[in-house]
Amino acid sequence: MLRDSCWRVGARLCFLRAGVRAAAESGRRALVSCIDPSIGLNEEQKEFQKVAFNFAAREMAPHTAEWDQKELFPVDVMRKAAQLGFGGVYMRTDVGGSGLSRLDASVIFEALATGCTSTTAYISIHNMCAWMIDAFGSEEQRHRFCPPLCAMEKFASYCLTEPGSGSDAASLLTSAKRQGDHYVLNGTKAFISGGGEADTYVVMCRTGGPGPKGISCVVVEKGAPGLSFGKKEKKMGWNSQPTRAVIFEDCAVPVANRIGAEGQGFLIAMQGLNGGRVNIASCSLGAAHASVILARDHLKIRKQFGVPLANNQYLQFKLADMATRLVASRMMIRSAAVALQEEREDAVALCSMAKLFATDECFAICNQALQMHGGYGYLKDYVVQQYVRDTRVHQILEGSNEVMRMLVSRSLLQE
């Protein structure tokens with residue numbers, strides 16, 4: 001589908017041709033030689049990237065402040081993104097996916113995040129959920145659930161975290177008792193992105209004994225009896241996507257909605273998160289790239305003591321550090337994406353390293369960009385503060401960065 005948008009569909013081709021022009025029109029998305037995100041990509045990837053940059057500049061950036069301040073979930077814009085293939089980037093084509101690689105997905109999410117990091121992060125989670133069904137579901141399930149997800153006619157949420165089990169995800173308590181051809185679910189999921197608005201909930205629940213081997217994965221559809229939602233959470237950032245508790249009270253779900261075998265749920269959840277970590281790190285990367293451009297432009301324009309801030313060597317060095325950390329993060333993320341695509345043994349550790357390093361460094365880049373703006377950076381008229389608020393949570397979700405350190409050290413100590 002995405003290849004069609006680049007090469008064959010005339011209406012969509014205009015997005016592609018306008019990609020570089022749109023980036024140039026928006027100073028905070030202009031490409032700068034040493035941090036140019038197209039470096040190292042093949043020609044097809046560069047075209048995908050242009051489409052995504054153009055969409056971010058035209059469809060997302062002009063509205064991101066309003067979405068944030070009014071807490072709007074931009075359904076129509078996300079469906080436009082899906083028309084370009086962004087609803088199922090690395091899903092198989094027979095169910096409407098674009099059939100692209102994990103590296104392609106990283107490139108796309110980075111570009112989209114320059115326009116609205118919060119909305120792109122939700123799109124990345126939606127992609128992760130859809131991939132889990134595509135990768136582990138039966139043929140019947142793939143063709144039943146995936147096409148509307150790829151088109152974003154329906155939206156998906158990932159339900160693992162609970163009030164009492166965050167980093168210790170394998171201790172989850174949401175139960176699923178089998179009664180005939182249904183499971184009856186009881187329990188609560190916490191901090192669910194898209195909660196209450198999504199149509200398809202990919203839920204990890206306990207069908208067996210304690211520990212990871214007792215966990216299964218089921219799809220719960222909106223409207224199921226016994227499914228309800230908590231209040232919409234008030235958050236520091238990520239305001240263009242709703243976050244709610246998802247509550248199951250004797251919620252009956254067909255056994256036919258179980259993804260994979262009983263007891264396979266924790267494995268499916270972790271497989272999803274490996275890609276989710278690359279995706280969310282890529283969203284941080286987009287915010288950081290935009291922040292470097294904003295900082296550079298501000299240093300050139302803003303004068304103090306009679307000269308532009310860009311003349312100050314301290315700030316020059318800070319800008320150089322930001323650019324260096326940005327490029328290092330990008331290289332680490334893309335390396336992890338390739339390892340994941342190739343299903344290499346080091347993929348889990350590399351995805352953890354990339355998520356740990358990039359989300360820490362990219363948040364620091366955004367925060368330094370705000371500091372360079374001085375008091376202006378603290379005003380909501382200046383988008384740099386939104387990049388700071390939207391990237392902060394990336395150090396917590398998809399496995400906290402402390403857990404990433406555990407996974408990396410475990411990999412080393414097992415050798």
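Arg 92 and Asp 134 form a salt bridge in which the closest N and O atoms are 3.3 Å apart, a salt bridge being a side-chain nitrogen of Lys or Arg within 4 Å of a carboxyl oxygen of Asp or Glu. Because Arg 92 lies in the loop between helix H5 (75–83) and helix H6 (102–113) while Asp 134 belongs to helix H7, the pair ties together parts that are 42 residues apart in sequence. The model is predicted, so local features need pLDDT of at least 70 and side-chain atom pairs count only at pLDDT 80 or more, whereas totals for chains, interfaces and linings use all residues. Residues are numbered from 1 along each chain as its sequence is written, and side-chain values use heavy atoms, with hydrogens and water left out.

**Salt bridges**

- The structure holds 22 salt bridges, and salt bridges that share partners join Arg 92, Asp 94, Asp 134, Glu 139 and Arg 142 into one network.
- Within the pair described above, Arg 92 is partly exposed at a relative accessible area of 41%, whereas Asp 134 is buried at 3%; buried means under 20% relative accessible area, exposed over 50% and partly exposed in between, with a 1.4 Å probe and protein chains only.
- The side chains of Asp 360 and Arg 405 meet in a salt bridge of 3.6 Å, N to O, and since Asp 360 lies in helix H11 and Arg 405 in helix H13, this pair ties together parts that are 45 residues apart in sequence.
- Asp 360 is partly exposed, with a relative accessible area of 23%, and Arg 405 also counts as partly exposed, at 43%.
- A further salt bridge joins the side chains of Arg 344 and Glu 342 at 3.4 Å, N to O; Arg 344 is partly exposed at 33% relative accessible area, and Glu 342 is partly exposed at 48%.

**Largest pocket**

- Of the 50 residues that line the largest pocket, the closest to its centre are Leu 273, Leu 397, Glu 398, Gly 399 and Ser 400.
- At least two lining residues of the largest pocket come from each of helix H7 (117–136), strand E3 (182–193), helix H9 (265–301), H11, H12 and helix H13 (401–413), with H13 giving the most, at 7 residues; helices (H or I, at least four residues) and strands (E, at least two) are DSSP runs numbered from the N terminus.
- By class, the lining of the largest pocket has 26 nonpolar, 12 polar and 12 charged residues, with Ala, Val, Leu, Ile, Met, Phe, Trp, Tyr, Cys and Pro counted as nonpolar, Asp, Glu, Lys and Arg as charged, and the others, Gly among them, as polar.

**Second largest pocket**

- The second largest pocket holds about 310 Å³ of space, and of the 13 residues that line it, the closest to its centre are Arg 102, Trp 131, Leu 340, Gln 341 and Glu 343.
- H9, helix H10 (313–341) and H11 each supply at least two residues of this lining, which by class has 6 nonpolar, 4 polar and 3 charged residues.

Methods:
On a 1 Å grid over the protein atoms alone, a cavity is a set of points where a 1.4 Å probe fits but cannot get out, and a pocket is an open set with protein on both sides within 12 Å along at least five of seven lines; lining residues have an atom within 4 Å of a point. Grid points are joined across faces, edges and corners, and a volume is the space filled by probe spheres set on the points.
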